[in-house]
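The following report describes the architecture of a single protein chain.

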Amino acid sequence: MRVMLIGSGELSRELVLAFQRLGAEVVAVDRYAEAPAHDVADEALVVKITDPEELTAAIARVEPAYVVVDTNAVAIDALRAVADSGTTQVVPGVYATQLSLDREGMRRLAADELGLPTAPFWFAGSVEELTAVAEHAGFPLVVKPVIGVPGQGQSVLLRPDDVEPAWQRAVAAGGRVPHNRVLAETVVEIDYAVTLLTVRTDGPAGPALHFCEPIGHRQLDGGVLESWQPQQMTVAALGAAKSVAARIVRALGGRGVFGVELLVRGDEVYFSDVSVRPYDSGLVTLRSQRLSEFELHARAVLGLPVDTIMISPGAAEVIYSGTDDHTSTPEINHAVLAEALVVPESDVRLLGRHDGSAWLRLGVAMATGSDVTAARDRVRQVSTALHRVWQP
């Protein structure tokens with residue numbers, strides 16, 4: 001069971017370990033040496049993963065049983081050629097991977113082809129076009145890059161002066177995948193946003209879907225993403241959420257963990273986005289579930305049974321760089337760690353090396369409790385202490 005993992009960032013480390021615990025040999029690939037997942041992989045390769053010829057040659061050299069994509073920048077043509085050869089399985093699948101790099105294509109699939117409910121949306125290819133959209137749609141307006149993980153490069157426009165800064169922020173979010181288009185959508189009055197982790201497996205009985213308990217989340221000031229599980233939903237809203245998630249995941253195909261982003265108002269559910277691999281809002285599952293999102297992904301890739309049992313209400317806060325009060329390299333202070341970990345049922349992750357780029361993950365605070373309220377209170381205490389690790 002040789003797995004070639006394309007993308008070797010901080011979250012990829014957890015994925016490498018999940019595969020190894022199931023007996024797989026993991027070759028971690030990224031564009032630069034000493035990527036975080038290289039430390040724990042069985043073998044590390046430095047490859048220009050956006051170059052079709054270079055990536056194809058690397059896959060041929062490794063001869064993996066599975067190519068698992070864990071990045072926002074990859075040569076789709078190389079993946080398609082490998083999948084067509086029939087000798088290597090590409091996960092989550094070429095089509096799903098391609099649309100995960102194209103928010104415009106994903107939204108058109110959801111709204112135009114599947115008829116899923118969404119907020120009114122438009123696409124713009126310049127500041128002038130975005131200005132025209134804003135004049136037509138009115139304010140407030142949410143602007144997102146067409147490439148990138150959910151939440152990254154996103155802005156809320158409240159007035160005309162916000163248009164150009166929002167454009168610049170969105171097009172810069174592509175990083176290694178330059179782009180000049182953005183998604184603009186009307187702000188929908190909602191009660192909460194959820195991630196519904198949906199696991200698609202493919203066993204002897206055929207494809208099957210498995211749902212985790214819904215995860216609530218919100219962006220806090222100071223570069224922090226808070227998430228908690230479970231998010232309480234009405235029976236009707238949860239049923240609608242599972243229906244929307246099932247339709248988009250089946251349409252994307254492949255297998256693995258899909259993070260379906262939904263907006264909820266009462267019993268109404270709107271599709272927002274989907275990630276085709278484990279990501280930030282699902283980090284709470286490291287403590288709340290018997291199997292984390294990484295373990296679920298590894299099992300689904302390898303064709304093994306999964307279960308999505310939640311063992312305890314939990315909460316997490318992901319701390320990012322890119323704010324004035326954070327430095328990119330932590331000075332490990334054991335007194336600070338002790339203050340964080342003295343909180344009952346708490347845990348932390350200090351995430352390895354950073355190159356000083358904006359909005360990298362610095363650390364994760366986690367806690368469980370008798371209910372979501374208790375877990376969120378505890379994780380807030382952990383996060384407050386943990387912030388001092390990066391303060392200058």
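A residue is called buried when its relative accessible area is under 20%, exposed when it is over 50%, and partly exposed in between (1.4 Å probe, protein chains only). This is a predicted model, in which local features need pLDDT of at least 70 and side-chain atom pairs count only at pLDDT 80 or more, while totals for chains, interfaces and linings use all residues. Residues are numbered from 1 along each chain as its sequence is written, and side-chain values use heavy atoms, with hydrogens and water left out.

## Overall form

The chain contains twelve helices and 18 strands; helices (H or I, at least four residues) and strands (E, at least two) are DSSP runs numbered from the N terminus. Its radius of gyration is 20 Å, close to the 21 Å that the globule rule gives for 392 residues, so the chain is as compact as a globular protein of that length. That radius is taken over C-alpha atoms, and the rule is 2.2 Å times the number of residues to the power 0.38. Along the principal axes, the C-alpha atoms fill a box of roughly 55 × 50 × 45 Å. Of the 392 residues, 56% count as buried. A contact means heavy atoms within 4.5 Å; among contacts between residues at least 6 apart in sequence, 60% join residues at least 24 apart.

Tyrosine 270 belongs to strand 15 (residues 268-275) and is buried, with a relative accessible area of 14%. Leaving aside residues up to four places away in sequence, tyrosine 270 touches Pro117, Thr118, Ala119, Val188, Glu261, Leu262, Leu263 and Arg265. Alanine 385 is 115 residues from tyrosine 270 in sequence and 36 Å from it in space, C-alpha to C-alpha.

Serine 321 is also buried, at a relative accessible area of 5%, and is placed in the loop between strand 16 (314-320) and helix 11 (334-341). Serine 321 and valine 224 are separated by 97 residues in sequence and by 9.2 Å in space, C-alpha to C-alpha.

## Helix packing

Two packed helices are described by the angle between their axes and the distance between the axes. Here axes are lines fitted to C-alpha atoms, for helices over the stretch in contact, and angles run from 0 to 180 degrees between N-to-C directions. Angles under 35 degrees count as roughly parallel, over 145 as roughly antiparallel, 65 to 115 as roughly perpendicular and the rest as oblique.

| Helix pair | Axis distance | Angle |
|---|---|---|
| Helix 1 (residues 10-21) and helix 10 (residues 293-302) | within 8 Å | roughly 50° |
| Helix 5 and helix 8 | 11 Å | about 125° |
| Helix 11 and helix 12 (residues 372-387) | within 8 Å | roughly 175° |

Helix 11 is roughly antiparallel to helix 12. Their contact is made by Val336, Leu337, Glu339 and Ala340 of helix 11 with Val382, Ala385 and Leu386 of helix 12. By class, these residues are six nonpolar, no polar and one charged. In this classification Ala, Val, Leu, Ile, Met, Phe, Trp, Tyr, Cys and Pro are nonpolar, Asp, Glu, Lys and Arg are charged, and the others, Gly among them, are polar.

Helix 1 and helix 10 are oblique to each other. In this pair, Leu11, Glu14, Leu15, Ala18 and Phe19 of helix 1 meet Phe294, Glu295, His297, Ala298, Val301 and Leu302 of helix 10. The contact of helix 1 with helix 10 comprises eight nonpolar, one polar and two charged residues.

Helix 5 and helix 8 are likewise oblique. Met106, Leu109 and Ala110 of helix 5 form the contact with Ile248, Ala251 and Leu252 of helix 8, giving six nonpolar, no polar and no charged residues. Eight of the eleven residues of helix 5 (residues 103-113) are buried, so this helix is largely enclosed by the rest of the structure. The buried residues of helix 5 pack against several elements, including helix 4 (94-100), helix 8 (235-252) and strand 15.

## Backbone geometry

Most residues other than glycine have a negative phi, and most peptide bonds are trans. A cis bond joins valine 91 and proline 92, with omega about 10°; proline 92 lies in the loop between strand 5 (89-91) and helix 4. Another cis bond joins glutamine 229 and proline 230, with omega about 5°, and proline 230 is in the loop between strand 13 (224-229) and helix 8.

Glutamate 34 has a positive phi of about 60° although it is not a glycine, and counts as exposed at 58% relative accessibility. Glutamate 345 has a positive phi of about 55° and is partly exposed at 43%.
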